Amino acid sequence: MKHTEEQILEQLRELSESQGLDISSELETISRKLQSKGDSVSKVWEKVELARHADRPRTLDYINMIIDDFTELHGDRCYGDDPALVGGIGFLDGIPVTVLGNMKGRNLKENISRNGGMANPEGYRKALRLAKQAERFGRPVITFIDTQGAYPGLGAEERGIGEAIATNLKEFSQLKTPVICIVIGEGGSGGALGIGVGDKIYMLENAIYSVISPEGCASILLRDSTRAKDAAAMLKITSKDILALKVANGIIPEPENGAQTNPEAAAAAIKKQITSDLEKLMKKSPAVLVKYRNKKIRDMGVYTE
């Protein structure tokens, strides 16, 4: 029989009364800690719900608001096209850029056609093809990350989803052109990393970034699928957590109650950040870009005691 922490606390109270023990101050301390934990869990889950909000702006929404004369390009020149990962070229205030991003749908029909934003190997190979093309022509690369993860289906495994993502990690780390990555919704595992290696990585205020979904973590590590909220808090997936871990370079503010309440304002904040960074990054030589990008990658997760 499972007991919640609150039930155990109540049992301790009953035991102390029946045994005549005066541990009221200790029980009060435990109660305050549980309350604090509950508040924290609740706030993290609010972020998860906002990151997954059905009306939250998608990659193509931001592209249409930020990029002029965008032309979408298709296919990986190997297997086919993947609508779960879009890419193309356009102009940002007159600067030619290549834009890549995960693309979710807004309803059942769209999500089926976009595979819920979960890319297959051909999606990541398309992204790499366009990134290498950008490098060849000296165009900066901008990526919008919003996916639960790469597609784990049989066909994806047969066509080499692991190899495709691993290749992207290597090649994006060596691209001799500026790369700016923005997590606009969910940044899930290797699916996010496949287009998430860059000189600058930003998160929208209510976006999340994690190695596994809260539901998956709860099922595997906590052995209880109903504890997704607890898992979310444990995973440290909010933008503030990711910034503190030095995985992200910064947080882009959202309108109150989420980007879906004012997509234009969210897009303006993203554009302002990208424009500011490109002004600096485009002045650096390709060798310097690669050197500091790799230093940033190697510094992630390094701790000293």
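I started with the largest nonpolar core of this predicted model. It has 57 residues, and I noted Y62, F144, I182 and I270 as the members that touch the most others.

Leaving out residues up to four places away in sequence, I182 touches T143, F144, I145, Y202, I252, I270 and I274. So F144 and I270 turn up in this list as well, because the cut-off here is heavy atoms within 4.5 Å.

There is also a second, separate core, with ten residues. I wrote down W45, V48, A233 and I237 as being among them.

A233 took me to helix 10, which spans residues 228-235. Buried in this helix I found A228, A231, A232 and A233. Just past the end of helix 10 sits K236, and I got a positive phi of about 55° for that residue.

Next entry: is R136 buried or exposed? I located R136 in helix 5, residues 121-137. Its relative accessibility is 61%, so I logged R136 as exposed, since the threshold is over 50%. I also checked R136 against K176: they are 40 residues apart along the chain, and their C-alpha atoms are separated by 8.6 Å.

Last, I looked at how helix 7 (residues 161-174) packs with helix 13 (residues 286-299). Their axes lie 8 Å apart at an angle of about 135°, which means helix 7 is oblique to helix 13. Helix 7 brings F172, S173 and Q174 to the contact, and helix 13 brings V290, R293, N294 and I297. By type, I count three nonpolar, three polar and one charged among the residues of this contact.

Terms used
Residues are numbered from 1 along each chain as its sequence is written. This is a predicted model: local features need pLDDT of at least 70, side-chain atom pairs count only at pLDDT 80 or more; totals for chains, interfaces and linings use all residues. Side-chain values use heavy atoms; hydrogens and water are left out. A nonpolar core is a set of buried Ala, Val, Leu, Ile, Met, Phe, Trp, Tyr and Cys residues joined through side-chain atoms within 4.5 Å. Buried means under 20% relative accessible area, exposed over 50%, partly exposed in between (1.4 Å probe, protein chains only). Helices (H or I, at least four residues) and strands (E, at least two) are DSSP runs, numbered from the N terminus. Axes are lines fitted to C-alpha atoms, for helices over the stretch in contact, and angles run from 0 to 180 degrees between N-to-C directions. Angles under 35 degrees count as roughly parallel, over 145 as roughly antiparallel, 65 to 115 as roughly perpendicular and the rest as oblique. Ala, Val, Leu, Ile, Met, Phe, Trp, Tyr, Cys and Pro count as nonpolar, Asp, Glu, Lys and Arg as charged, and the others, Gly among them, as polar.
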